[in-house]
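User: I'd like to go through this model and ask what stands behind each label. Can you take me through it?

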Amino acid sequence: QVQLVESGGGLVQPGGSLRLSCAASGSIGSIGNMGWYRQAPGKQRELVARIISGGSTNYADSVKGRFTISRDSAKNTVYLQMNSLKPEDTAVYLCSWLIRSSFEFTARDYWGQGTQVTVSS
């Protein structure tokens, strides 16, 4: 089994910062793209940032210049550093990785359970 576990969410004032972590565990054969998504109440889930398997990154226009995605391969962990947070960043943040487990021939998307980020004064 493969599991993704997010952490680092919480309540922060506008202009503040948070760092989210997403750690993978289990029988991992190979890892492809790794991404952070978010879903606000009443809105569709949207891609926030991702690392493509070759190492390049891309971001939603709404977070460019404020959020940074990075990985620690040794720890099988991906981070999302969020600076200059705005109330509109409030959402549940979820990580999703494309992983081929040691027991499967093909890769599929795995999702974490999500972590709440609330930006409010």
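User: What makes β7 and β8 a pair of strands?

Analyst: Two strands pair if DSSP finds at least two bridges between them, and here six bridges join β7 to strand β8 (residues 77–82), with the two running antiparallel. One of the bridges has Ser70 with Tyr79 in β8 as its partner. Strands themselves are DSSP runs (E, at least two residues), numbered from the N terminus. Keep in mind that this is a predicted model: local features need pLDDT of at least 70, side-chain atom pairs count only at pLDDT 80 or more, and totals for chains, interfaces and linings use all residues. Residues are numbered from 1 along each chain as its sequence is written, and side-chain values use heavy atoms, with hydrogens and water left out.

User: What sits between β7 and β8?

Analyst: The two form a hairpin with four residues between them. Asn76 is in that loop, and its phi is near 50°, a positive value in a residue other than glycine. Most residues other than glycine have a negative phi.

User: Where else is there a positive phi in a residue other than glycine?

Analyst: Ser84 has one, again near 50°, and Ser84 belongs to the loop between β8 and β9.

User: Why are Asn76 and Ser84 called partly exposed?

Analyst: Buried means under 20% relative accessible area, exposed over 50%, and partly exposed in between (1.4 Å probe, protein chains only). Asn76 comes out at 26%, so it is partly exposed, and Ser84 at 40% is partly exposed too.

User: Which strands stand at the edges of the open sheet?

Analyst: The sheet has four strands in the order β1-β3-β8-β7, with antiparallel pairing. β1 (2–7) and β7 (67–72) each have a single partner strand, so one side of each has no neighbour in the sheet.

User: Why is the pair of Tyr37 and Trp111 called tilted?

Analyst: Rings of Phe, Tyr and Trp (its six-membered ring) pair if their centres lie within 6.5 Å; planes under 30 degrees apart count as stacked, over 60 as edge-to-face and the rest as tilted. Here the centres are 4.9 Å apart and the planes at 55°, so the pair is tilted. Tyr37 lies in strand β4 (residues 28–39) and Trp111 in strand β10 (residues 108–111), so the pair ties together parts 74 residues apart in sequence.

User: What makes Arg45 sit over the ring of Trp111?

Analyst: The rule asks for NZ of Lys or CZ of Arg within 6 Å of the ring centre and within 35 degrees of the ring normal. The charged end of Arg45 sits over the Trp111 ring, 4.6 Å from its centre. Likewise, the charged end of Arg108 sits over the ring of Tyr110, 4.0 Å from its centre.
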